Amino acid sequence: MENEQPKNLIALLVSSLNEEANDDQVLSGLTRAEIFDEVLMMIITGYETTSTALSWFIFFASKNPQIQQRMKEELREHHLLMIDNLKYVPPLTADNLTSLTYCECVTKEVLRLAPVFGLTSRIATYDTIVNDVKIHRGQTILIALHNINTDARFLGEDKNHHPLAMIPFGGGHRACIGQELAWLELKTIIVRMMQRDITFEDTPENVGGYNERITCFPKNVVVRVRFD
Ligand code: HEM
Ligand SMILES: *[C@@H]1O[C@H](CO)[C@@H](O)[C@H](O)[C@H]1NC(C)=O
């Protein structure tokens, strides 16, 4: 059928294949190489980012047992904690996730403090001056996302804070395309872990630090997983 819309992302990408496409003369469509890049990018960004954020959660959690307790208390209040003697883990619905305010705050705090992507960049499209600094057209500007997220000037501004005070996913029209998915995945996995009778415990070797490659992940995470 001629005007049937592609059903998924890959079908959409493949439908835009145009071997002749090039950015200068032939504007429409994507070449094979460009489609390959798009698919690879989706796989890498879709996998490594969320798993990195999760390692940061496990690291922070091990350093803050009282926060794990409080998450479990919230789950208990909502009858979502595992029922010990039956080893039954209650299912989670989207509604349940929304109602877990404290768990949501913890997930947000992980995104704020974990420097998954410590920085991003932009190329200036015109000459300008920002805070007395001259910026010339064509210059690459590095934006220190993690510094912004942890800037003490924004602390205590829980309500009505500046929209760009916390930007783990960047901002503007090139902001992270997967942020809603990442957010949902992260919160779901964190809550699913906390529903069970496990606690992440600190150890002497659990000294943290970080390694920065494509993403920035914790270097020495050595936790004990205790089954209560
Ligand atoms: C905790 C998880 C994640 C974090 C912290 C994160 C963070 C970011 C950041 C900071 C950028 C650059 C934004 C900018 O320059 O303004 C970005 C771009 C991007 N992200 Fe994510 N991301 C995450 C998960 C994901 C997931 C799950 C996907 C895909 C399913 C994804 C796909 C992308 C893509 C395709 C771009 C490039 C967008 C563009 O250049 O137009 N990300 N991400
Ligand atoms: C979880 O979600 C289901 C369906 O949306 C609902 O019936 C149930 O009451 C919710 N439980 C809690 C504790 O919010």
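Modeller: In this predicted model, the second largest pocket has a lining of 25 residues. K108, E109, R112, H161 and M166 are those nearest its centre.

Biologist: What counts as a pocket?

Modeller: On a 1 Å grid over the protein atoms alone, a pocket is an open set of points where a 1.4 Å probe fits, with protein on both sides within 12 Å along at least five of seven lines; lining residues have an atom within 4 Å of a point. Local features need pLDDT of at least 70 and side-chain atom pairs pLDDT 80 or more, while totals for chains, interfaces and linings use all residues. Residues are numbered from 1 along each chain as its sequence is written, chains are lettered from A and ligands numbered from 1 in written order, and side-chain values use heavy atoms, without hydrogens and water.

Biologist: Which element gives the most to the lining of the second largest pocket?

Modeller: Helices are DSSP runs (H or I, at least four residues), as are strands (E, at least two), numbered from the N terminus. Helix 5 gives the most here, with seven residues.

Biologist: Which residues lie nearest the centre of the largest pocket?

Modeller: They are M41, T45, A175, C176 and I177, among 36 lining residues. Helix 2 gives the most to this lining, with 10 residues.
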